[in-house]
Amino acid sequence: MLLSTPETIQHILWQGQLELDSEEEEENFRFISPPSRPSYVPIVSIGQPEVWPLAELYSGVIPSWLEVKQNEAQFFLVRFACSLRNSGEDKFQITQAKFSVDLLPDNQQNRAIAFDLYPLEINQEIKRNCKVSLSPNIKFKEAQASLGGTDFALEYPELQPTIIATGVGEYKADWEYRKAQGKGVQGSKFMHMIVKVPNNMQLVRTKLNLTARLEQNGNPLVKWLFKTDIKKVPSDCLIVNLVS
């Protein structure tokens, strides 16, 4: 099965303008006046996560290595998505953004982990038509040009630098996007996670968050950090069920 990554977010969980992180401004940029007009503020979208049990992604016979692993825990593929739009003013651009996923404990304090992440690190200029499959230890790996009829792979039409992910094997994971060669961070971003869930855990919830750094072109000292975890976003809006 070839699971293609869409060009745009299919189902939007939340969309709106980010809010200035007033604490950082006060602490680090007290000598700079922040943008006052709403048109300066980045507009972002956060997609509803998509979830697939790993076994359902294989046509026909489930690989033996996956059957063995499923005796230890449940494994799911989760796709996260966000999009970032620069402000309407050319003199400002998003130069850095971070998408965070926090896997929350259940009532018995059981907790799922981010078993693996993709993309993990992208530094080359542009990576096109990238196919990614799973190894027998349930880790993402670049796939061969041709796949067998029963194999599974993700397909990315394009990946742009610079992308760095952290949190493999942990409860919280982040994907950080940085500008490269003067080009700001914008457009739709799609991220995949293998989630390992204890067999006795029936409900997996996650909290999503997005921050973006807005910079004045030509002056790297003039910058502001914007975030989503604010009063304008209801506290439970970005907490969603992955497995239930």
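**Strands and salt bridges**

Tutor: S10 and S11 run antiparallel, and three bridges join them. This is a predicted model; local features need pLDDT of at least 70, side-chain atom pairs count only at pLDDT 80 or more, and totals for chains, interfaces and linings use all residues. Residues are numbered from 1 along each chain as its sequence is written, and side-chain values use heavy atoms, with hydrogens and water left out.

Student: What makes S10 and S11 a pair?

Tutor: Two strands pair if DSSP finds at least two bridges between them. S10 and S11 have three, so they pair. In one of the bridges, Val-132 has Glu-142 in S11 as its partner. Strands here are DSSP runs (E, at least two residues), numbered from the N terminus.

Student: Which strands form the open sheet, and in what order?

Tutor: The order is S1-S12-S10-S11, four strands with mixed pairing. Strand S1 (2-4) and strand S11 (140-142) are the edge strands.

Student: Why are S1 and S11 called edge strands?

Tutor: Each pairs on one side only.

Student: How do you know that Glu-155 and Lys-131 form a salt bridge?

Tutor: A salt bridge needs a side-chain nitrogen of Lys or Arg within 4 Å of a carboxyl oxygen of Asp or Glu. The closest N and O atoms of Glu-155 and Lys-131 are 3.2 Å apart, so the pair qualifies.

Student: Why is Glu-155 called buried, and what is Lys-131 called?

Tutor: Buried means under 20% relative accessible area, exposed means over 50%, and partly exposed lies in between (1.4 Å probe, protein chains only). Glu-155 has 18%, so it counts as buried. Lys-131 has 22%, so it is partly exposed.

Student: How many salt bridges does the structure hold?

Tutor: Five. Among them, Lys-98 meets Glu-176 at 3.9 Å, N to O. Lys-98 lies in strand S7 (residues 92-104) and Glu-176 in strand S14 (residues 172-178), so this pair ties together parts 78 residues apart in sequence.

Student: What makes Lys-98, Glu-176 and Arg-178 a network?

Tutor: Salt bridges link the three residues. Glu-176 meets Lys-98, and Glu-176 also meets Arg-178 at 2.6 Å, N to O.
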